[in-house]
Amino acid sequence: MKPSELLDKARRAPLKTDADLARHLGVHRSMINLIRAGKCTIPDKMAIRLATLAGLDPADTLTALYAENADDETRPIWKEIAKRTATS
């Protein structure tokens, strides 16, 4: 899962904008912008909160994010872990 996909899934009513989402998470909107631009990864605690908002399993979400952010050498391993542990 790409970080921007998680942000989009978590941004449900009444959180209609990135600014609303940032306020709800207690972070600056610029943090959301950096994540969307791929210049910043989502911290684990924030990923868990976003997964909860999106109605996703936090463990699956963290594993998918780690797979997405892994380097070329470890990405296949993380993707295999994500496949084995997925609950949905």
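Helix H1 (residues 3-10) packs against helix H4 (residues 44-54) at an angle of about 45°, and their axes lie 7 Å apart, in a predicted model where local features need pLDDT of at least 70, side-chain atom pairs count only at pLDDT 80 or more, and totals for chains, interfaces and linings use all residues. Residues are numbered from 1 along each chain as its sequence is written, and side-chain values use heavy atoms, with hydrogens and water left out. Helices here are DSSP runs (H or I, at least four residues), numbered from the N terminus, while axes are lines fitted to C-alpha atoms, for helices over the stretch in contact, with angles running from 0 to 180 degrees between N-to-C directions.

**Packing of H1 with H4**

- The angle of about 45° between H1 and H4 makes H1 oblique to H4, given that angles under 35 degrees count as roughly parallel, over 145 as roughly antiparallel, 65 to 115 as roughly perpendicular and the rest as oblique.
- H1 and H4 cross in a left-handed sense, a crossing being left-handed if the near helix is turned anticlockwise from the far one by less than a right angle, and right-handed if clockwise.
- On the H1 side the contact (heavy atoms within 4.5 Å) is made by Leu-6, Leu-7, Lys-9 and Ala-10, and on the H4 side by Ala-47, Leu-50, Ala-51, Leu-53 and Ala-54.
- Sorted by class, the contact of H1 with H4 comprises 8 nonpolar, no polar and 1 charged residues, where Ala, Val, Leu, Ile, Met, Phe, Trp, Tyr, Cys and Pro count as nonpolar, Asp, Glu, Lys and Arg as charged, and the others, Gly among them, as polar.

- The axes of H2 and H4 cross at roughly 120° and come within 11 Å, which makes H2 oblique to H4, and the crossing is right-handed.
- In this pairing Leu-21, His-24 and Leu-25 of H2 meet Met-46, Arg-49, Leu-50 and Leu-53 of H4, and the contact residues divide into 5 nonpolar, 1 polar and 1 charged.
- The axes of H2 and H3 come within 8 Å and cross at roughly 115°, and H2 again passes its partner H3 in a right-handed crossing.
- Asp-18, Ala-19, Ala-22 and Leu-25 of H2 meet Arg-29, Ile-32 and Arg-36 of H3, in a contact made up of 4 nonpolar, no polar and 3 charged residues.

**The largest nonpolar core**

- The largest nonpolar core has 16 residues, of which Leu-7, Leu-21, Leu-25, Ile-42, Met-46 and Leu-50 touch the most other members; such a core is a set of buried Ala, Val, Leu, Ile, Met, Phe, Trp, Tyr and Cys residues joined through side-chain atoms within 4.5 Å.
- At least two residues of this core come from each of H1, helix H2 (18-25), helix H3 (29-36), H4 and helix H5 (58-69), and H4 gives the most, with 4 residues.
- Leu-21, not counting residues up to four places away in sequence, touches Leu-7, Ala-10, Arg-11, Leu-15, Leu-50 and Leu-53.

- Ala-47 lies in helix H4 and counts as buried at 1% relative accessibility, buried meaning under 20% relative accessible area, exposed over 50% and partly exposed in between (1.4 Å probe, protein chains only).
- Beyond residues up to four places away in sequence, Ala-47 touches Leu-6, Ile-42, Thr-61, Leu-62 and Leu-65.
- Ala-47 and Ala-10 are 37 residues apart in sequence, with their C-alpha atoms 9.9 Å apart in space.

**Partly exposed residues**

- Glu-68, found in helix H5, is partly exposed, with a relative accessible area of 27%, and, leaving aside neighbours within four places in sequence, is in contact with Met-1, Lys-2, Pro-3 and Arg-75.
- Glu-68 and Ser-30 are 38 residues apart in sequence and 21 Å apart from C-alpha to C-alpha.
- Cys-40 is placed in the loop between H3 and H4, is partly exposed with a relative accessible area of 23%, and, leaving aside neighbours within four places in sequence, is in contact with Met-31, Leu-34 and Ile-35.
- Glu-80, in helix H6 (residues 75-85), counts as partly exposed at 30% relative accessibility, and its C-alpha atom is separated by 8.7 Å from that of Ala-67, 13 residues apart along the chain.
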